[in-house]
Amino acid sequence: MGATAESTQGPDGSQRGVELLRRVLAGSGVDPARADTTWASGAADTDGPGPGPGAGMFAAQDGFDGPDGLRGSDRSREYRGSGDDGVGAVDDPLRHVVRIPARAGNPVDWPGWTPEPLRTAWADRGVTRPWSHQAHGAELVHSGADVVVATGTASGKSLVYQLPVLAGLAEDPRATALYLAPTKALAADQLRSLDGLAPDGVRPAAFDGDTPMDQRDWVRRHCRWVFSNPDMLHRSILPRHGRWATFLRRLRYVVVDECHTYRGVFGSHVALLLRRLLRLAARYGARPVIVLASATVARPEEFASRLTGRGVVAVTEDGSPHAGRTVAFWEPPLLAEITGENGAPVRRSAGAEVARMLADLVLTDARTLAFVRSRRAAELTALGAKRQVAEIAPELAARVAAYRGGYLPEERRALEADLMSGELLGVATTNALELGVDISGLDAVVQAGFPGTRASFWQQAGRAGRAADEALVVLVARDDPLDTYLVHHPRSLIGAPVESCVLNPVNPYVLAPQLACAAAEMPLTTVDVEEIFGGAPAVEVLDALVGEGVLRRRPHGWFWPDTGDAPAAHVDIRGSGLGQIAVVEAATGRMLGTVDGGSAPGTIHSGAVYLHRGDSFVVDELDLDDGVALVHAEDPDWRTEAQSVSDVTVLEVREHRRYGPVQVCFGATTVTSQVVAYRRRTPDGTVLDQTALDLPPQSLDTRSVWYTIDPDALADAGIDEARLPGALHAAEHAAIGLLPLFAICDRWDIGGLSTALHPDTGLPTVFVHDGHPGGAGLAERGHEVLGRWLAATRAAVRDCECRTGCPSCVQSPKCGNGNNPLDKTGAVQVLDLVLAALEGGAPAGSR
């Protein structure tokens with residue numbers, strides 16, 4: 001299914017994506033003709049369930065052939081060859097290019113019940129007929145079905161709920177609707193899209209943290225379509241449901257936008273929050289229709305049903321047109337002049353590569369988003385691109401900016417307005433713009449590292465692409481095992497099924513605070529517990545809450561004591577449960593932003609460098625008790641990197657299987673971690689010094705997967721006692737790096753521990769644990785796919801071109817031991833031993 005250079009022109013005649021890639025290559029000093037070495041192309045959709053765009057492109061499961069017969073991994077190595085043929089020099093960073101052709105849309109007639117004013121309003125916007133999935137989904141909602149629409153980015157999912165909701169509100173002048181979005185930016189954008197569309201009397205309005213207090217009562221009394229978010233629903237609307245009684249009594253529709261973001265612990269909170277909402281609506285006599293919009297995910301109806309507690313119909317056949325895209329896989333070259341930690345080879349940073357690409361694309365007048373992984377990276381990338389643009393075209397430097405969470409509301413609104421108007425050409429952003437303002441139709445998207453999930457990859461990639469112009473998407477690998485694996489094995493991304501979203505509404509650490517909130521809103525009955533909140537697990541949690549004096553048990557149910565203090569104000573549905581830390585400039589008292597309390601010790605400890613809107617600050621003091629970090633302005637020529645230590649205690653073994661000399665377990669554990677120091681590093685990675693910190697340990701009750709190996713088997717494999725700690729440590733790091741290939745997470749959502757003798761197992765042990773209280777299903781997923789996960793881990797370590805270990809295979813950026821000891825060869829031997837045992841036959845002693 002390969003395509004040659006002669007077949008790069010898309011069906012619309014546009015080669016815009018290839019042209020932009022040539023510009024990027026030229027900026028890297030690589031022959032621009034390499035952009036024409038497209039080795040694979042294919043259909044933009046597939047017959048399979050829940051795939052990403054480009055699925056069906058590759059026939060083989062474990063490899064794929066380019067047009068010259070080379071398999072993908074072999075071709076990657078060819079590009080790293082001598083370059084004698086003028087293509088593929090030694091430091092050539094372009095690993096693969098994939099061409100995804102455009103797709104035509106399938107327009108259909110408006111449903112017969114569509115009010116004429118709505119047809120006219122949409123026609124004025126250029127929408128003369130809906131796409132097939134829009135009409136199908138709207139019909140289902142209009143008929144009273146609960147629906148999830150899971151189609152591609154920019155496929156017009158909004159119309160699926162806007163049409164039936166606006167028609168329903170026009171038909172019944174007393175009906176109300178509630179829209180929930182994971183971000184205020186997305187809710188604000190959807191609200192703006194109703195200008196000139198909503199019939200008179202609907203009066204849609206925002207009700208979020210940015211809504212002035214004097215306007216909130218007006219919204220509650222007069223607006224029939226309220227645009228909000230889970231946080232406001234949790235903290236303001238439900239605890240004061242008596243004041244919202246009229247709105248809830250007339251509630252006809254609930255819209256849950258970008259529902260795929262509700263996963264893990266946050267998703268589990270939102271699942272129970274929706275149950276609280278529906279319970280109160282029923283109390284007032286309403287049964288609203290639920291409409292969910294999602295990126296392409298696997299089994300969307302199953303996920304949406306778990307999220308809402310109702311049976312949901314899925315709309316997945318996308319009838320919208322799809323712009324063509326050129327997708328480039330980019331691995332920054334090794335830097336010969338420097339070495340990293342413990343002498344490991346170092347690649348040019350993904351951030352530096354992306355900043356240069358962003359500058360190159362802005363200079364060609366290409367509207368570009370650069371997605372990065374952290375707030376700090378967004379600031380640094382924007383600064384780097386600005387400097388490079390200013391050297392060539394100073395007038396364009398002001399059209400480059402950063403966008404991230406933590407900005408004040410007025411700053412966000414100004415940036416969003418400039419982005420939508422085209423005043424901004426290049427924006428470096430966190431995933432804050434993966435969702436939110438309507439910015440599809442850009443020329444290019446550059447990603448500084450795999451964003452953690454295939455769904456997020458396609459969501460970000462979908463921001464680029466216009467009907468007539470092909471777009472460019474570049475995935476730049478970070479020095480990370482998963483990124484390295486993907487740029488060498490793109491079949492694991494392009495054409496692979498997207499992931500399922502994982503959430504656990506019966507997680508006791510989520511159930512307990514949510515049940516307390518529900519009881520405070522209205523006493524819980526046994527019917528509520530059985531039919532709404534999960535049955536037996538909820539009863540167990542309620543009994544514990546009664547025993548702790550949080551709730552009281554009466555014959556008819558569970559009650560919240562009238563203490564005058566509603567529990568919702570103390571329950572953090574998004575973060576670690578430790579609240580937010582305010583970052584304040586000490587000299588002026590100006591609040592710069594906020595940081596989640598759980599991540600504060602590692603990011604805004606004393607001495608840390610903190611960036612805000614391009615300005616650099618150094619933290620003077622972190623006060624976790626008062627929730628404030630004091631900073632001063634400073635622009636040092638170094639960055640900081642926190643170091644931590646951890647320990648794992650086994651509380652309960654829930655699953656246990658023996659495979660000869662290997663035991664595999666899953667269970668409940670307590671992880672104790674503590675940030676103990678930080679390093680200062682120069683921009684090239686050189687460590688300047690290390691400073692000790694005195695911060696309190698943090699304890700986490702969670703879930704882990706672990707394996708043990710009998711010492712005799714290790715000795716037989718050639719791993720002696722001296723090498724064992726380094727071998728296990730390296731295997732642990734690599735496994736953490738590869739788990740996101742199989743579970744929706746990134747390496748910062750999980751952690752691990754390896755030891756030659758663990759006190760709870762009495763054996764050499766490798767743990768990988770979930771980073772969320774009670775577990776978010778990540779370790780459990782790892783347990784389910786252990787063989788596939790460890791096989792990919794072995795391949796990543798074995799195939800890495802370094803000799804003794806590097807950040808692309810076994811080194812970890814968050815290792816508290818300074819990545820020492822690490823034994824790359826020993827890690828391969830350990831993984832070979834474990835995989836051979838797993839493949840050896842049925843497990844013994846399972847439970």
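This is a short tour of a predicted model, with stops to select in your viewer.

**The whole chain**

Start with everything on display. The protein chain holds 25 helices and 30 strands. Colour its 847 residues by burial, and 57% of them count as buried. Switch to a surface view next: the chain exposes about 32,300 Å², with carbon and sulfur atoms supplying 50% of that area.

**Helices α17 and α19**

Now select residues 508-521, helix α17, together with residues 536-547, helix α19. Their axes lie 9 Å apart and pack at an angle of about 65°. Since angles of 65 to 115 degrees count as roughly perpendicular, α17 is therefore roughly perpendicular to α19. The crossing is right-handed. Show side chains for Pro508, Leu511, Ala512, Leu515 and Ala516 on α17, then for Pro537, Ala538, Val541, Leu542 and Leu545 on α19; these make the contact. By class, the contact has 10 nonpolar residues, no polar ones and no charged ones.

**Helices α24 and α25**

For the last stop, select α24 at residues 786-799 and α25 at residues 824-838. Here the axes come within 10 Å and cross at roughly 150°, so the two helices are roughly antiparallel to each other. Look for a left-handed crossing as α24 passes α25. On the α24 side, the contact includes Leu790, Arg794 and Val797, while α25 contributes residues including Val828, Asp832 and Leu835. This contact comprises 9 nonpolar, 2 polar and 4 charged residues.

Methods
Residues numbered from 1 in each chain as written. Predicted model: local features only at pLDDT ≥ 70, side-chain atom pairs only at ≥ 80, totals over all residues. Heavy atoms only, no water. Axes fitted to C-alpha atoms, helices over the stretch in contact; angles between N-to-C directions. Helix = DSSP H or I, 4+ residues; strand = E, 2+ residues; numbered from the N terminus. Parallel < 35°, antiparallel > 145°, perpendicular 65-115°, else oblique. Left-handed = near helix turned anticlockwise from the far one by under 90°. Contact = heavy atoms within 4.5 Å. Nonpolar A, V, L, I, M, F, W, Y, C, P; charged D, E, K, R; others polar. Buried < 20%, exposed > 50% of the residue type's maximum accessible area, 1.4 Å probe, protein only. Areas by Shrake-Rupley, 256 points an atom, 1.4 Å probe, with all protein chains shown as cover.
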